[in-house]
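Student: I would like to learn how to read this model feature by feature. Please show it to me.

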Amino acid sequence: MNKIKKTKKNYNSNGRTYKPEKKSEKHMKDPIISVRDVWKTYYLGENVLNVLKGVSLDIFPGEFVSIIGPSGSGKSTMMNMVGVLDIPTKGKVLLKGKDIAQYSESGLAQLRGKSIGFIFQQFNLIPTLTALENVIFPTIFQGVPEKERTKRAKKLLEIVGLSDRMRHKPNELSGGQQQRVAIARALINNPEIILADEPTGNLDSISGKQVMDLLSRLHREEKKTIVLVTHDIELVKYSSRKVYIKDGIIQKITHNHHG
Amino acid sequence: MIKDYFQLPWREIKRRKLRSWLTLLGVIIGIAAVVSLITLGQGLQNAIEKQFSALGEDKLFITAKGSALTPGLSTDAVKIRDKDVKVVGRVSDVRKTAGMIFTTARIEFNDNVRYFVVSGMPTDPEERALLGEAQSYKIESGRSLEKSDRFKVVVGFEYTQKGLFGRAVELGDSLLILNQEFKVVGILERIGSPPDDQSLLIPFDTFGDVFGTGDEVGLIVAQVQPGEDTSAVGDEITKELRKSRGLKEGEEDFSVQTPEQLSAAFTTILDIVQVVLVGIAAISLLVGGVGIMNTMYTAVLQRTKEIGVMKALGAKNSHVLTLFVVESGFYGLGGGLIGVILGIGFAKLVGIIFVAVVGPAFLSVEVNYSLVVGTLIFSFVIGCLSGLAPARRASQLNPVQSLRYE
């Protein structure tokens, strides 16, 4: 993380001036998620904590974007914004052109379930459910017919290479296997965006690589938009664009043309 | 889809077995207490109703007012006498009448003194049959009272046991009733209720002499003609008695009751006792509900992160609410199910012991299926209600903060 260069200070130097990101020729489409001059402020007693200080970022369909920053940089809060888990104190977050501020809490939940697949550092599988049931779990809230969802879940488990582990509970699976179940779960509602928060953080290097290869494949073959949030500079080589964030401000954005 | 909302909560309950059992325990005790008390109370009512219906639908009971539940010697001035029996007998549609009287008296036998109820019975076999039918007296050995009998007594089953006087009473023995010697001429069959099995039956006229009651009657039983409406005949009797006693309507110092009315008087009292007891038992159910609430609050705390994950995966507040309410409902239902089984089992056991020790006349325990179903629904609702507040808290958790919760 010490590789982060504090160049390009012109990005949000005072945290207010928003310069629309120049669309590269590669992304002439409309952004799928647009974060516009977003501030997030927490009030802890008398202290006012600005976690995000006027952040702007467009993420286009089919992109593999990494958001990189040390802990406390605001990257988790950034992830919450991108994943419509939280609403900004100031500024706008647009998902497919619609301001998320228009949605009710339930509306946001519905939107998340349909459009965004989450992958967490700690896998966060439901411990009482089998691998298959965990994959099916998000469909409960979307009302997918039983036959269809089971078929889809089995296929996804096949894709992540866990067909033989369907009936196992999370505590009977290795970390790498759990994370692959989580990836299958993230895909079950066929979302446009996969949001991975430190997906290899709890894995050994071999399992970590398997997971990253899987994400990479989803990006290449399934044309999924992938947003990776990490502090691990090693992982960003998979992504096409890297967003460096520190102290609540985007420090720089670099493109990776082979990604 | 609905299945999903039952599967997940059920798995959660299974996951923490010890805690689940402890939570269930509170509900189990409450439900078992309520169910066993209701079942026993109903058993008591069943038995009483059976006894009263055994009296026969065609009979009317006439007593002095204020002594409906304990006919016998009325201490106040109001008395029913032999002439009233005749008045009742003259009412058309009354087929037959019989009068009797009873009181508690000092009984001496085998140098032991105890107090029992002594009944003055008619010596006319037909009249006695009317009363005997009503009281289900049957002779086991010896004979019934006869017209010429004076100081003769027919004793209940319990006198043949050693327990009462230290020695079994046998035919031909002599008892002292109010210091007057009576010879035992007959023994009754076992009836199953202690007051009946402790009967001492003596001739009506002898009763009047010994106790100084003359022709006073404690209870008149009137049998109506077959096919006649019992309560209509009852009204007629009331009218005639009023006339002969010179009373205005509404001033009756006597009461005419059907077996139904008699049993209603008993069951009303039983109902009140039962409501009080069940109310007390319901307090333990309340404690059970608080136990569920406590468990659910703990569960919400422990699963905060899981709730965050659910919300990230698209669960609406209402989804989370439903899952937690169903989970606590399961605690209620599970506790209810086990509680019902234990409660009925306990009531049955008490019933069996009671019948073995005392006799079948007072308790007839039966499983009431609407009580079972009602209790199960009720316990599920109690569970859901107890879980409502914790579930609301769960549903309103902020997804970001919950996800960060360790």
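Student: In S8(B), which residue is the bridge partner of Ser174(B)?

Tutor: First, the ground rules. This is a predicted model, where local features need pLDDT of at least 70, side-chain atom pairs count only at pLDDT 80 or more, and totals for chains, interfaces and linings use all residues. Residues are numbered from 1 along each chain as its sequence is written, with chains lettered from A and ligands numbered from 1 in the order in which they are written. Helices (H or I, at least four residues) and strands (E, at least two) are DSSP runs, numbered from the N terminus. Strands pair if DSSP finds at least two bridges between them. Here, the partner of Ser174(B) in S8(B) is Lys183(B).

Student: How many bridges join S7 (residues 174-177) of chain B to S8(B), and do they run parallel or antiparallel?

Tutor: Four bridges, antiparallel. The hairpin of S7(B) and S8(B) has two residues between the strands, and Leu178(B) takes a positive phi near 50 degrees there.

Student: Which sense does S6(B) take with S8(B)?

Tutor: Strand S6 (residues 152-155) of chain B runs parallel to S8(B), with four bridges. Val153(B) stands opposite Val184(B). Strand S5 (residues 139-142) of chain B pairs with S8 (residues 180-188) of chain B in the antiparallel sense, over three bridges. In that pair, Gly142(B) faces Gly186(B).

Student: Where is Ala168(B), and is Ala168(B) buried or partly exposed?

Tutor: Burial is a neighbour count. A residue is buried if 20 or more other C-beta atoms lie within 10 Å of its own, exposed if 12 or fewer, and partly exposed in between, with C-beta atoms placed from the backbone. Ala168(B) sits in the loop between S6 and S7 of chain B. Ala168(B) counts as partly exposed because it has 14 C-beta neighbours inside 10 Å.

Student: Which residues is Ala168(B) in contact with, leaving aside neighbours within four places in sequence?

Tutor: Contact requires C-beta atoms, placed from the backbone, within 7 Å. For Ala168(B), the partners are Thr160(B), Gln161(B) and Lys162(B). Asn110(B) is 58 residues from Ala168(B) in sequence and 9.3 Å away, C-alpha to C-alpha.

Student: Which residues touch the most other members of the largest nonpolar core?

Tutor: A nonpolar core is a set of buried Ala, Val, Leu, Ile, Met, Phe, Trp, Tyr and Cys residues joined through C-beta atoms within 7 Å. The largest has 122 residues, and Val135(A), Leu195(A) and Val227(A) touch the most other members. Its largest share, 14 residues, comes from helix H2 (residues 17-54) of chain B. Apart from it lies another core, of 52 residues, including Ile177(B) and Phe211(B).

Student: How many residues does each chain give to the contact between chains A and B?

Tutor: Chain A gives 21 residues and chain B gives 19 residues. On the side of chain A, H2(A) provides the largest share, seven residues.

How values were computed: Contact = placed C-beta atoms within 7 Å.
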